[in-house]
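Please find below a colleague's note on the model, arranged as numbered points.

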Amino acid sequence: SSTHVGASPPPSSSPPLRVPFLGMSNTGGTVNSDNDCDDLKNEMIALPLRISQELEELQNQLHFIEALEERNNAQLDSFIDEEDQWNSMEQFERDLISSKDEIEEQMEALVAGLVNNWMGQKSMDG
């Protein structure tokens, strides 16, 4: 019998990690006008907001997963074993618990993206 309470089952196939990339929106690879500079500054301002929003969404999912794990631990005595409990859960609950490691990895990547963005802004500020 495999353990599913408090541990993640094998990873499911899920969409790849989406980490925003800050790129130049001009031609030729150089900033050649004030508009391009303004576009880049606007992107650098908007990027942390987009990352923060995605990070908040992932944090909410992680809190829900942790609540499910707490509930499962509290109710384990009501089931024959952990596998019986796992099988009694709704599919979306199993999917969420199964995605815990991936969600934590995505959160780490997003935090790294925020740090990189902040460092980029600091270097542009001088």
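1. In this predicted model, glutamate 93 forms a salt bridge with arginine 71, and the closest N and O atoms of the pair are 3.0 Å apart; a salt bridge is here a side-chain nitrogen of Lys or Arg within 4 Å of a carboxyl oxygen of Asp or Glu. Glutamate 93 lies in helix 3 and arginine 71 in helix 1, so the pair ties together parts that are 22 residues apart in sequence. Glutamate 93 is buried, with a relative accessible area of 10%, whereas arginine 71 is partly exposed at 30%. Buried stands for under 20% relative accessible area, exposed for over 50%, and partly exposed for what lies in between, with a 1.4 Å probe and protein chains only. Helices (H or I, at least four residues) and strands (E, at least two) are DSSP runs, numbered from the N terminus.

2. The structure holds 2 salt bridges. In the one formed by lysine 100 and glutamate 69, the closest N and O atoms are 3.0 Å apart. Lysine 100 belongs to helix 4 and glutamate 69 to helix 1, so parts 31 residues apart in sequence are tied together by the pair. Lysine 100 is buried, with a relative accessible area of 15%, and glutamate 69 is buried as well, with a value of 8%.

3. On the conventions: residues are numbered from 1 along each chain as its sequence is written, and side-chain values use heavy atoms, with hydrogens and water left out. As this is a predicted model, local features need pLDDT of at least 70 and side-chain atom pairs count only at pLDDT 80 or more, while totals for chains, interfaces and linings use all residues.

4. The mean pLDDT of the protein chain, that is, the predictor's confidence in each residue on a scale from 0 to 100, is 75, and 60% of the residues reach 70 or more. Over residues 1-29 the pLDDT is below 50, although this stretch has 48 contacts in the model beyond near neighbours in sequence; a contact means heavy atoms within 4.5 Å.

5. The protein chain has 4 helices and 0 strands, and buried residues make up 26% of its 126 residues. Among contacts with a separation of 6 or more, 74% are between residues 24 or more positions apart.

6. The largest nonpolar core has 14 residues, and those with the most contacts inside it are Leu58, Ile65, Ile97, Ile103, Met107 and Leu110. Such a core is a set of buried Ala, Val, Leu, Ile, Met, Phe, Trp, Tyr and Cys residues joined through side-chain atoms within 4.5 Å. Helix 1 (34-75), helix 3 (91-98) and helix 4 each supply at least two residues of this core, and the largest share, 7 residues, comes from helix 1. Leaving aside neighbours within four places in sequence, isoleucine 65 is in contact with Leu96, Ile97, Ser99, Lys100 and Ile103.

7. Glutamine 61, also found in helix 1, is partly exposed, with a relative accessible area of 27%. The C-alpha atoms of glutamine 61 and leucine 96 are separated by 7.7 Å, although the two residues are 35 residues apart along the chain.
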